[in-house]
Each structure stands twice: as C-alpha cells, then as structure tokens.
Amino acid sequence: MVFSHKRNRWTTACMALLLVVLTACTQQPAAQPATTAVPQQSDKGAVSTDKTKDQLVIVQTNETRDFTTIDPYQKDITLPRTLIFDTLLVRGQDGKLAPSLAESYEFKDNNWRIKVKKGITFHNGDTLNAQSVKATIDKLMSAEVPKSTFKTLLDGVTGTNIVDEYTVDIITSSPNYALINFMVDLPILSAKQLANGDEYKTQLVGTGPYVLSDWKRGEVATLKEAPNYWGKRPPFKSVVIKNVTDEATRMAELLSGNADIASDLSSTSIKRVQGQSGYQIVSEPGFRVTWQSYFFKAPFDNAKVREALYYGIDKGTLAKNMYGEFALPAVAPVTKAGSGFVEAYPLSDYNPEKAKSLLAESGVATPISVNLDVTQRDIDTAQVLQAQLKKIGIEAKINLMEIGPMLDPKRYEQSNAGSILLFSGYDNPDRELYRILVAAFSQKSLYKTFGYQLDSQVEQWIKDYAAEPDEKKRLALSKQILDKSKQGSPVNWLMFPPNIYGLSSNIDWKPDGTGRIDIHQIKVK
C-alpha cells in the first residue's frame with residue numbers, strides 16, 4: 001500500500017500484521033525437523049556470459065511503497081533491499097527452500113541451527129559469519145528497532161547463540177517448525193555496522209549484487225554493481241528504481257522508453273501495452289491477499305450477518321472482473337505453494353440464497369445500510385463488492401479513506417455502528433500460513449482492536465500448529481482452524497491480486513512465481 005501520511009503507533013502495529021503468498025502448482029511442505037542440507041551454489045563468483053546493459057530502470061509502487069525510508073529492517077521497501085541484501089534462504093518457483101547465505105539448517109534441541117557459507121564478505125569488507133546472523137536477529141528483537149514489521153516473523157524467538165564461527169542457533173520459547181520459512185525474507189546485516197548506532201539505516205551494507213549509489217527520499221534509488229559480489233554477476237551495471245504511484249505515469253515512462261519494467265498494472269494498462277509493438281505483459285500470482293473484515297458493532301456483532309456476507313460474495317467473479325485471465329480467487333489465506341495450505345473456503349460455497357436465509361435468521365431487518373471503508377488502492381474492488389452485496393440485501397456505501405484513519409482504534413471507539421473494512425495486504429513472501437493465523441486469530445489479532453472476540457480454542461490450535469513436526473498433522477490443524485473461523489466469518493479472504501508487469505522491447509523476463517524481481521533472471525535482448 002502507498003501512504004502519504006505519518007503513521008501513528010496503532011497504524012504501525014496494524015500494518016505490522018498485514019502479511020500473503022505466491023502460488024505454484026504443487027503443495028509446499030513446511031521445513032522438516034530432520035537435518036536439511038542445502039546444496040552449495042554452483043555459480044559463486046561466476047561471470048555472466050549473457051548480454052549486458054548499462055542500466056535497468058524500474059517504475060513501480062508495490063515493492064517500493066512510500067519509499068520514505070531505506071532502512072533494511074522496514075519491510076515496506078522490498079526494492080532496493082532485495083538487490084543490496086541477501087537472505088539466509090530463498091524460495092524457488094517450486095515453493096521449496098533454496099540456498100543463499102545458508103549452507104544448511106536443522107531443527108536441533110527445539111531450536112533452529114543454521115550454518116552459513118564461508119568466504120562471503122559484505123560490501124565494506126566485513127566477513128559474513130555466525131555473528132552477522134546473531135547481530136541481525138538480536139538487533140531486530142531489541143527496543144532499538146521498535147516498529148519493524150519483521151518482528152512478527154520472530155514471534156517466540158527468545159535469543160540467539162553462537163555455536164562456532166559459522167554456526168548459530170535461533171532459540172525459541174517453544175518448538176516452532178514454521179520459523180525457518182521466515183528466513184527467506186530477513187536481510188542479513190553486518191555485525192560491525194550494526195554496532196555503529198543508526199548508520200545501517202542509510203548507509204546500506206549487504207552482501208547482494210548491488211550497492212546503493214544514490215537515494216532521493218520518496219522518489220528514486222540508484223544502485224550500482226557491487227565490485228566483489230560472491231554470486232553470479234548481474235546483467236546490468238546499474239539499476240534505477242522509481243517510486244511512481246500514478247499508474248498512468250508508470251505507463252508513460254514505459255511507452256516513452258524511459259523505463260524497462262513498469263509494475264502494478266491494471267486491466268486498462270494491460271490492454272494499452274498489449275496494443276504496442278515491441279512491448280509485452282508478464283504476470284505472476286501476488287503474495288498479498290485482498291480481504292475484508294469489520295468493525296464488530298451492529299449489525300456485524302451478529303455472526304449470522306457476517307456469515308451471510310461470506311456466502312453472498314462470489315469470489316470467482318470478483319477476481320475475474322478485476323484481473324481477467326490473471327485472476328486468482330482465494331480458497332485459503334495462502335495459495336497452493338504456501339506451507340499450511342488447505343482449501344477451506346471453496347468457490348462452491350458461494351450461495352446467495354443461503355446468504356439471504358442467514359440474514360433472515362439474524363433478525364436484522366433488510367435492506368441493511370452500512371459503510372464499506374476502503375483506500376484508493378481497492379476502490380475498484382469495493383465497487384464490484386458493493387454490487388454483489390446489494391443482491392443479498394446489504395446496501396454498502398463506499399467510504400474512501402486513508403489507511404491511517406481507517407485503522408485508527410479511536411474511530412472504532414467513537415462509531416455507533418459497524419462497518420465493512422476492505423484491504424489488500426498481508427505481506428507473506430515466505431508463504432507460511434502461521435503468520436496469517438497469528439495476525440488474524442491470536443491475541444495479536446488486528447481485529448481484536450475492532451471488537452472481535454477471540455476463540456481460546458483456536459489460539460491453542462495455532463500454537464499446536466507451529467509446534468507440530470508432522471506435516472500431515474499440521475495440515476489437519478490448519479483445516480481445523482480455518483473451518484472454525486468460517487463459523488461467524490470474522491474475515492473473508494477474497495483474492496490474490498497478481499503482479500502484472502509491462503516490459504520494454506530491450507529485455508526478456510518471465511517472473512518466477514516468487515513475487516520478487518530477480519535481477520539474474522532478466523535477459524538483455
């Protein structure tokens with residue numbers, strides 16, 4: 001999401017919970033407790049033999065977000081962070097964990113033990129070792145980094161322990177088999193730099209293929225090739241990343257030849273690009289989900305009213321209306337490649353007659369007139385949703401808001417009636433259901449702030465899910481939790497907005513399903 005306002009602490013806390021995932025064709029199993037050796041990269045120090053291009057220009061908004069910070073601990077800026085910093089693990093197109101800075105990992109004595117590769121240095125010459133991993137995690141968990149949305153990744157982590165120069169244990173308060181999945185998103189920083197106060201926030205020192213050359217706050221970052229990168233040499237000497245919130249401007253940049261990649265395209269832009277010779281559209285399922293919840297005051301303090309909305313929303317048609325051939329309706333809070341995926345909310349559940357019956361049983365007089373609160377990002381979705389709800393007897397008035405006021409608990413406290421809240425969010429590039437279960441149905445739930453009554457049984461099942469070593473049993477717990485949540489439907493997962501890109505004639509690229517622009521996969525024509 002793009003924000004132009006200053007976030008208060010409540011909004012920050014809420015946004016820390018806005019976590020979703022990518023898709024692939026097969027089920028991704030969560031990491032197993034047995035030792036799992038990750039094979040060494042074969043291209044360490046390799047020089048690319050592909051054609052090169054001096055500069056790649058990317059115009060987008062999703063991955064750069066508001067771009068008012070380049071602090072690597074702030075998840076709102078996946079670019080340029082993912083080009084400057086490496087992570088311990090990455091996730092491949094098949095949904096499986098793959099090597100990066102880690103050599104191996106294992107679940108040992110109820111904790112995760114990670115061995116890092118030898119011979120890798122940071123851009124400033126510091127050595128990558130176990131101390132780097134420890135310092136990265138310890139800093140994140142400290143009060144010195146109070147607002148990082150990465151903190152939700154380390155729920156239950158109590159500390160770290162150096163085993164030897166290249167081995168570190170991540171200590172948890174209870175067994176957590178989901179934790180290893182979160183290592184695909186956490187950038188590893190230099191221990192020496194982290195000891196120098198706030199320097200790391202603006203002087204970015206990673207192990208990635210690029211270093212930061214220039215940054216114009218809120219607008220653009222320019223990266224140049226790192227001279228001693230440990231991996232395969234990238235095909236571009238520099239990368240310019242522009243935060244362009246207006247889609248028409250992104251399109252103009254692409255079609256005028258000023259940009260090579262334009263992201264976050266709508267159906268209107270898709271048609272425009274497809275009509276231009278030499279340009280192409282590529283797409284992949286996104287790792288964010290569009291969903292709706294409530295201010296849980298009348299009529300939405302009534303479970304039957306909420307269930308009526310669940311059965312009255314046609315997710316398949318909604319997604320198709322929004323994204324056409326690229327549509328992916330949500331049958332779970334994560335897509336099929338996500339750890340913990342089970343089809344708990346099938347499209348066959350759409351039943352407008354059942355929705356009308358539930359409204360009648362609720363005792364609430366119809367038509368029901370309510371507000372549908374939404375940000376500009378999701379206004380088109382809100383209009384389609386509005387039309388569907390009208391068919392079952394709910395008159396939803398679209399109320400366009402900024403995200404801060406929309407999520408302000410004071411607004412809930414001051415409101416006399418319930419309202420529908422519509423979002424696109426839940427960053428979850430590691431594709432782990434546990435993150436969403438915690439954010440939605442635990443004591444840390446966003447909805448708790450808005451009157452949602454938590455279920456203690458569901459909370460226990462979430463803890464059991466994280467502690468369960470057997471994948472089949474985890475999936476059974478997942479189904480159990482999601483089936484329970486369908487009763488009363490505090491949240492409706494609607495669809496996964498795809499990542500749609502327009503490409504110039506200079507480059508060739510097929511997104512790999514990871515939801516990130518992998519610079520090494522872009523070819524120069």
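**Loops, salt bridges and helix packing**

Student: Where is Pro367 found?

Tutor: Pro367 is in the loop between helix 9 and strand 15 (368-374). Helices (H or I, at least four residues) and strands (E, at least two) are DSSP runs, numbered from the N terminus. Please note that this is a predicted model, in which local features need pLDDT of at least 70, side-chain atom pairs count only at pLDDT 80 or more, and totals for chains, interfaces and linings use all residues. Residues are numbered from 1 along each chain as its sequence is written, and side-chain values use heavy atoms, with hydrogens and water left out.

Student: What joins Thr366 and Pro367?

Tutor: The two are joined by a cis peptide bond, with omega about 0 degrees. A cis peptide bond also joins Ala298 and Pro299, where omega is about 10 degrees. Pro299 lies in the loop between strand 14 (289-295) and helix 7.

Student: Which residues other than glycine have a positive phi?

Tutor: Asn110 has a positive phi of about 70 degrees, and for Ser489 phi is near 40 degrees. Asn110 belongs to the loop between strand 5 (102-108) and strand 6 (111-116), whereas Ser489 is placed in the loop between helix 15 (471-486) and strand 18 (492-495).

Student: On to charges. How many salt bridges are there?

Tutor: The count is 15 salt bridges, where a salt bridge is a side-chain nitrogen of Lys or Arg within 4 Å of a carboxyl oxygen of Asp or Glu. One of them pairs Arg81 with Asp185, whose closest N and O atoms are 3.5 Å apart.

Student: What does the Arg81 and Asp185 pair tie together?

Tutor: Arg81 lies in helix 2 (residues 78-84) and Asp185 in the loop between strand 8 (167-172) and helix 4 (191-194), so the pair ties together parts that are 104 residues apart in sequence. Arg81 and Asp185 are both buried.

Student: And what about Lys134 and Asp138?

Tutor: Their side chains form a salt bridge at 3.0 Å, N to O. Lys134 and Asp138 are four residues apart in helix 3 (residues 130-141), so about one helical turn separates them. Asp138 is partly exposed at 27% relative accessibility. A further salt bridge links Glu225 to Arg233, with the closest N and O atoms 3.1 Å apart. Glu225 is partly exposed at 22% relative accessibility, and Arg233 is partly exposed at 35%.

Student: Changing topic: how do helix 7 and helix 9 pack?

Tutor: The axes of helix 7 (residues 303-312) and helix 9 (residues 352-362) come within 8 Å and cross at roughly 170 degrees. Axes are lines fitted to C-alpha atoms, for helices over the stretch in contact, and angles run from 0 to 180 degrees between N-to-C directions. Helix 7 is therefore roughly antiparallel to helix 9; angles under 35 degrees count as roughly parallel, over 145 as roughly antiparallel, 65 to 115 as roughly perpendicular and the rest as oblique.

Student: What classes of residue make the contact of helix 7 with helix 9?

Tutor: That contact has seven nonpolar, two polar and four charged residues. Ala, Val, Leu, Ile, Met, Phe, Trp, Tyr, Cys and Pro count as nonpolar, Asp, Glu, Lys and Arg as charged, and the others, Gly among them, as polar.

Student: How do helix 5 and helix 6 pack?

Tutor: Helix 5 (residues 247-255) and helix 6 (residues 267-274) pack at an angle of about 15 degrees, and their axes are 11 Å apart. Helix 5 is therefore roughly parallel to helix 6. From helix 5, the contact (heavy atoms within 4.5 Å) involves Glu247, Met251, Leu254 and Leu255, and from helix 6 Ser269, Arg272 and Val273.

Student: Last one: is Trp509 buried or exposed?

Tutor: Trp509 is buried, at 1% relative accessibility, in the loop between strand 20 (507-508) and strand 21 (523-524). Not counting residues up to four places away in sequence, Trp509 touches several residues, including Ile261, Val282, Tyr501 and Arg516. The C-alpha atoms of Trp509 and Ile281 are 10.0 Å from each other, although the two residues are 228 apart along the chain.

Notes: Buried means under 20% relative accessible area, exposed over 50%, partly exposed in between (1.4 Å probe, protein chains only).
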